[in-house]
Amino acid sequence: METITIPQGFKVTSEQFEQLASAEQLARMELTKEGELIIMSPTGGTAGRKNSRLIQQLRNWADREEIGEVFDSSTVFILPNGARRSPDVSWIQSDRWNQLTTAQQDGFPPLAPDFVIELVSPSDIKNQRYSDLQAKMQEYVDNGVKLGWLIEPSAKIGEIYRLGQKIEILNHPQTLSGENILPGFILDLTKIW
């Protein structure tokens with residue numbers, strides 16, 4: 001297999017990104033609003049296990065409530081600013097999802113989710129990408145995400161991002177509330193820490 005080194009700040013168009021994403025099924029990629037291509041490493045076991053716990057809890061709630069759709073980290077959303085982003089976990093209200101055409105649902109949905117979670121992985125800490133994740137969370141909110149959680153398991157910190165509000169930082173929370181965005185949803189963090 002040939003490998004290439006992608007220089008820091010390498011840029012591609014949105015059309016080139018879609019070609020790369022459909023051709024390269026093994027890599028997780030994102031595209032910033034400036035056109036910078038981001039190649040993300042595969043998830044390790046610890047992060048994968050914790051991500052599955054997050055998805056499981058949200059999926060269980062969503063199945064009971066039947067008011068929206070849950071997505072995993074392999075889903076790329078086209079944000080209003082043109083960025084292509086893949087939150088670790090996301091949720092969209094049914095009425096917004098159902099407004100998309102079948103082609104839009106089958107491709108990269110052209111909207112910001114209503115809710116997102118990003119989990120800080122051991123590799124994010126090791127490679128000093130925490131501030132990148134914070135900027136990504138702010139980008140989500142700037143593009144219409146109503147509620148977002150940045151969860152840092154090793155320090156047991158939860159950062160809450162809300163549309164039109166300041167970031168709230170919680171130390172050692174046991175749960176996080178879906179508030180009025182995800183009514184009745186309480187995320188149990190005891191299995192994540």
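In this predicted model, the count of salt bridges comes to 10. Side chains of opposite charge can pair when their charged atoms come close. One of these pairs is formed by Asp 114 and Lys 146, whose side chains meet with an N to O distance of 3.1 Å. The pair links distant parts of the chain, the two residues being 32 residues apart. Asp 114 lies in the loop between helix 4 (102–106) and strand 7, whereas Lys 146 lies in the loop between helix 6 (130–142) and strand 8. Asp 114 has a relative accessibility of 1% and therefore counts as buried, the limit being under 20%. Lys 146, at 28% relative accessibility, counts as partly exposed.

A salt bridge also joins the side chains of Asp 124 and Arg 129, at 3.2 Å from N to O. Asp 124 is buried, with a relative accessible area of 11%, and Arg 129 is partly exposed at 27%. In the salt bridge between Arg 162 and Glu 168, the N to O distance is 2.9 Å. Here Arg 162 is buried, with a relative accessible area of 14%, while Glu 168 is partly exposed, with 31%. Elsewhere, salt bridges that share partners join Glu 30, Arg 85, Glu 118, Lys 136 and Glu 139 into one network.

An open sheet is formed by 6 strands in the order 3-6-7-8-9-10, with mixed pairing. Strand 3 and strand 10 (168–171) each have a single partner strand and stand at the edges, so one side of each is left without a neighbour in the sheet. On average, neighbouring strands of this sheet are turned by 15° against each other, direction ignored. Strand 6 and strand 7 run antiparallel and are joined by 3 bridges. Trp 91 has Phe 115 in strand 7 as its bridge partner.

Two helices lie across strands of this model. Helix 2 lies across strand 3, strand 6, strand 7 and strand 8, and runs at about 20° to strand 6. Helix 6 lies across strand 7, strand 8 and strand 9 (157–162), running at about 25° to strand 9.

In soluble globular proteins, nonpolar side chains tend to be buried together. The largest nonpolar core of the model comprises 22 residues, and those with the most contacts inside this core are Leu 58, Trp 91, Trp 149 and Ile 151. At least two residues of the core come from each of helix 2 (45–65), strand 6 (89–93), strand 7 (115–119) and strand 8 (147–152). Helix 2 gives the most, with 4 residues. A second, separate core has 20 residues, among them Phe 77, Leu 79, Val 145 and Ile 157.

Contacts of individual residues were also examined. Not counting residues up to four places away in sequence, Trp 149 touches Phe 115, Val 116, Ile 117, Glu 118, Met 137, Glu 159, Ile 160, Leu 176, Ser 177, Gly 178, Phe 185 and Leu 187. Thr 75 is located in the loop between strand 3 (68–72) and strand 4 (77–78). Its relative accessibility is 17%, so Thr 75 counts as buried. With neighbours within four places in sequence left aside, Thr 75 is in contact with Arg 85, Ser 86, Pro 87 and Pro 109.

Key. Residues are numbered from 1 along each chain as its sequence is written. This is a predicted model: local features need pLDDT of at least 70, side-chain atom pairs count only at pLDDT 80 or more; totals for chains, interfaces and linings use all residues. Side-chain values use heavy atoms; hydrogens and water are left out. A nonpolar core is a set of buried Ala, Val, Leu, Ile, Met, Phe, Trp, Tyr and Cys residues joined through side-chain atoms within 4.5 Å. Buried means under 20% relative accessible area, exposed over 50%, partly exposed in between (1.4 Å probe, protein chains only). Contact means heavy atoms within 4.5 Å. A salt bridge is a side-chain nitrogen of Lys or Arg within 4 Å of a carboxyl oxygen of Asp or Glu. Two strands pair if DSSP finds at least two bridges between them. Axes are lines fitted to C-alpha atoms, for helices over the stretch in contact, and angles run from 0 to 180 degrees between N-to-C directions.
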